[in-house]
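I opened my notebook for a friendly walk through this structure. Here is what I looked up, entry by entry.

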Amino acid sequence: MSSPVNIDDWQSKYEETDTFTIVKLYGDHAQIYDKVMGDHMDIVNALTIDSVLKYIPDKQTRALDFAACTGLFGEQLHKYGYTNVDAFDGSAECIEECKKKNIYTNFLVEFVSDKQLHIPDDSYDAVVCVGGFSKNHLPISTFSEWVRILKPGGYVINSFRLKWLTVEPMYNEGKMLAELERLEKEGKWKCISREEDNEKEEDKRFVKYIHQVV
């Protein structure tokens, strides 16, 4: 498979994969991911870091960068002084790129499915996920796992492309929204905020959800 050269090329490649081969795609191109995707991630990174600073003011907070990939958002966390952040991703090659940046405390590699993750209950004060919900990416069962691994009062800041709510079969027809609401109705967490960026093209617009575990 040839290497992607820009964001459109990258998206066309991963839209041709399935949930299991997407991890291999990331691994194969981990060393060039920052070059291909860096500028594209600026908008969503800015959208997300604003909420991190607002809801997680303690820079020593034990946080998990979920679906960290090569650590592009981790760089933002480090830039703003967060020093107790772990990186989690399904690709070992991406985690190796994270290690090179010297911005994380611990590194976790695990494929996310509907099974329980190998992370103990009540491990973190915050989970941040940027772009983890996309074509053939994280399942909606991830939300329950976040509730489990977060301490009571912990925050989830979750940003992703808005279009996936309607075009990705794992999330569309209200599936993702129903799961978010189910956990709230069951008293597992509460929605603090939902915000979209100002991108005029809906296909490129990002949405950000902030939840607090009860």
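**Entry on Phe 66.** I looked up Phe 66 and found that it stands opposite Cys 129 in β4. I was working on a predicted model, where local features need pLDDT of at least 70, side-chain atom pairs count only at pLDDT 80 or more, and totals for chains, interfaces and linings use all residues. I kept the numbering that starts from 1 along each chain as its sequence is written, and side-chain values that use heavy atoms, with hydrogens and water left out.

Two strands count as paired if DSSP finds at least two bridges between them. Strand β1 (residues 63–66) runs parallel to strand β4 (residues 124–130), and four bridges join them. Phe 66 also stands opposite Phe 88 in β2. The pairing of β1 with β2 is parallel too, over four bridges.

**Entry on the sheet.** In what order do the seven strands of the open sheet come? I read β3-β2-β1-β4-β5-β7-β6, with mixed pairing. β3 (107–109) and β6 (189–196) each have a single partner strand, so one side of each edge strand is left without a neighbour in the sheet. On average, neighbouring strands are turned by 15 degrees against each other, direction ignored. Such angles are taken between N-to-C directions, from 0 to 180 degrees, with axes fitted to C-alpha atoms and, for helices, over the stretch in contact.

I then followed helix α4 (residues 42–55), which lies across β4, β5 (150–161), β6 and β7 (206–213). Helix α4 runs at about 25 degrees to β7.

**Entry on β2.** Is β2 mostly covered or open? Strand β2 (residues 85–89) is mostly covered, with five of its five residues buried. Here buried means under 20% relative accessible area and exposed over 50%, with partly exposed in between (1.4 Å probe, protein chains only). Val 85, Ala 87 and Asp 89 point one way from the strand, while Asp 86 and Phe 88 point the other way.

**Entry on the cores.** I looked for nonpolar cores, meaning sets of buried Ala, Val, Leu, Ile, Met, Phe, Trp, Tyr and Cys residues joined through side-chain atoms within 4.5 Å. The largest has 35 residues, and those with the most contacts inside it are Val 52, Ile 56, Phe 73, Leu 77 and Tyr 104. Helix α4 gives the most to this core, with five residues. Apart from residues up to four places away in sequence, Leu 77 touches Ile 49, Val 52, Tyr 82 and Val 85, contact being heavy atoms within 4.5 Å. I also noted a second, separate core of 30 residues, including Leu 64, Leu 108, Leu 150 and Val 207.

**Entry on salt bridges.** I counted a salt bridge where a side-chain nitrogen of Lys or Arg is within 4 Å of a carboxyl oxygen of Asp or Glu. The count by this rule is 16.

- Glu 75 pairs with Lys 101, with the closest N and O atoms 3.2 Å apart. Glu 75 sits in helix α5 (residues 72–79) and Lys 101 in the loop between α6 (92–100) and β3, 26 residues apart.
- Arg 194 meets Glu 196 at 3.1 Å, N to O. Arg 194 is partly exposed at 40%, and Glu 196 is partly exposed at 28%.
- Lys 175 meets Glu 173 at 3.8 Å, N to O. Lys 175 is partly exposed at 33%, whereas Glu 173 is exposed at 74%.
- Glu 179, Arg 182, Glu 186 and Lys 188 are linked in a network.

I stayed with Lys 188, which is found in the loop between α9 (175–185) and β6. Lys 188 is partly exposed, at 35%. Leaving aside neighbours within four places in sequence, Lys 188 is in contact with Val 147, Leu 183, Val 213 and Val 214.

**Entry on cysteines.** How many disulfides does the structure hold? I found zero, a disulfide being a pair of cysteine sulfur atoms within 2.5 Å. Cys 69 is buried, at 9%. Cys 98 is in no disulfide either, and the nearest cysteine sulfur, that of Cys 94, is 7.1 Å away. Cys 98 counts as buried, at 0%.

Notes. Helix = DSSP H or I, 4+ residues; strand = E, 2+ residues; numbered from the N terminus.
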